[in-house]
Amino acid sequence: MPNPPAKPNPWLELLITIAIPAIVLMQLSSASRLGPAGALLLALAFPLAYGGWQLVRERKLNLMASIGVVSTLLTGGIGLLALDPQWLAVKEAAVPGVIGLAVLISARTRYPLVRVLVFNRVIFDVDRVQQALRERGTEAAFENRLQAGTVMLAGTFLFSSVMNYLLARWVVTSPAGTEAFNAELGRMTLLSYPVIAIPSMLMMMGVMFYLARGARRLTGLELEQMLKHASADK
């Protein structure tokens with residue numbers, strides 16, 4: 001059997017997409033070093049390269065990686081074109097806001113996006129769960145659970161959208177294309193992890209717990225039996 005694809009290293013991802021770009025923006029943006037434009041291009045090169053590498057490695061379009069690449073390109077455009085900093089706040093809010101809206105709309109369809117973002121084959125043994133649901137006649141009840149989980153998931157993206165906007169407006173106030181703008185962008189990047197990413201991650205885990213608890217009750221399976229890695233080991 002072919003070896004499964006290597007799992008991404010979260011510490012490496014944090015280093016490449018947050019820590020290194022922030023350091024570059026804050027330390028190399030002066031005219032005596034790379035200058036605002038040069039430092040911005042170098043800082044954005046790291047998350048862009050990482051996102052491109054993920055796409056090549058997985059050999060398929062990864063939705064979240066693609067959104068990250070587009071978001072990075074938009075940030076670069078705002079900085080290089082010296083647009084009003086308020087557009088950075090709008091962009092920061094728009095990306096999770098659009099995702100949250102799409103997730104919310106999907107709750108009204110037969111294919112809620114919670115299946116893609118949370119209850120997916122990477123985390124759960126979906127086939128085993130579905131089989132147990134069919135055997136117990138609880139598929140409809142679980143679908144209702146997925147609908148509620150989808151609304152909860154949309155709420156996590158709404159939280160991220162609002163917090164992204166407020167953080168960008170609070171931290172980034174200098175004109176784009178300046179050394180001060182780059183430094184503020186670097187600080188915003190660093191602050192976004194404890195202020196937005198960690199709370200959003202905890203909220204996402206809450207959605208996963210909600211779905212797993214419902215699946216446990218409706219399937220009779222223990223959590224360990226539903227998780228993908230646990231099933232693969234047996």
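Visitor: How are H7 and H8 oriented to each other, roughly parallel or roughly antiparallel?

Guide: An angle over 145 degrees counts as roughly antiparallel. In this predicted model, the axes of helix H7 (residues 139-171) and helix H8 (residues 179-219) cross at roughly 170° and come within 10 Å. H7 and H8 are therefore roughly antiparallel to each other.

Visitor: How do the residues of the contact of H7 with H8 divide?

Guide: That contact comprises 24 nonpolar, 8 polar and 5 charged residues.

Visitor: How many helices and strands are there in the protein chain?

Guide: The protein chain has 10 helices and 0 strands. Of its 234 residues, 39% count as buried.

Visitor: How is a pair of aromatic rings described?

Guide: A pair of aromatic rings is described by the distance of the centres and the angle of the planes. The structure holds 3 aromatic pairs. One of them, Tyr-50 with Trp-53, is tilted, at 5.8 Å centre to centre and 40° between the planes. Tyr-50 and Trp-53 are 3 residues apart in helix H2 (residues 35-58), so about one helical turn separates them. Tyr-50 is buried, with a relative accessible area of 6%, whereas Trp-53 is partly exposed at 44%.

Visitor: What kind of aromatic pair do Phe-119 and Phe-142 form?

Guide: Phe-119 and Phe-142 form an edge-to-face pair, 5.2 Å centre to centre with 65° between the planes. Because Phe-119 lies in the loop between helix H5 (114-117) and helix H6 (126-136), and Phe-142 in helix H7, the pair ties together parts 23 residues apart in sequence. Phe-119 is buried at 3% relative accessible area, and Phe-142 counts as buried at 1%.

Visitor: Which residues form one aromatic cluster?

Guide: The cluster consists of Phe-119, Phe-124 and Phe-142.

Key: Residues are numbered from 1 along each chain as its sequence is written. This is a predicted model: local features need pLDDT of at least 70, side-chain atom pairs count only at pLDDT 80 or more; totals for chains, interfaces and linings use all residues. Side-chain values use heavy atoms; hydrogens and water are left out. Axes are lines fitted to C-alpha atoms, for helices over the stretch in contact, and angles run from 0 to 180 degrees between N-to-C directions. Helices (H or I, at least four residues) and strands (E, at least two) are DSSP runs, numbered from the N terminus. Angles under 35 degrees count as roughly parallel, over 145 as roughly antiparallel, 65 to 115 as roughly perpendicular and the rest as oblique. Ala, Val, Leu, Ile, Met, Phe, Trp, Tyr, Cys and Pro count as nonpolar, Asp, Glu, Lys and Arg as charged, and the others, Gly among them, as polar. Buried means under 20% relative accessible area, exposed over 50%, partly exposed in between (1.4 Å probe, protein chains only). Rings of Phe, Tyr and Trp (its six-membered ring) pair if their centres lie within 6.5 Å; planes under 30 degrees apart count as stacked, over 60 as edge-to-face and the rest as tilted.
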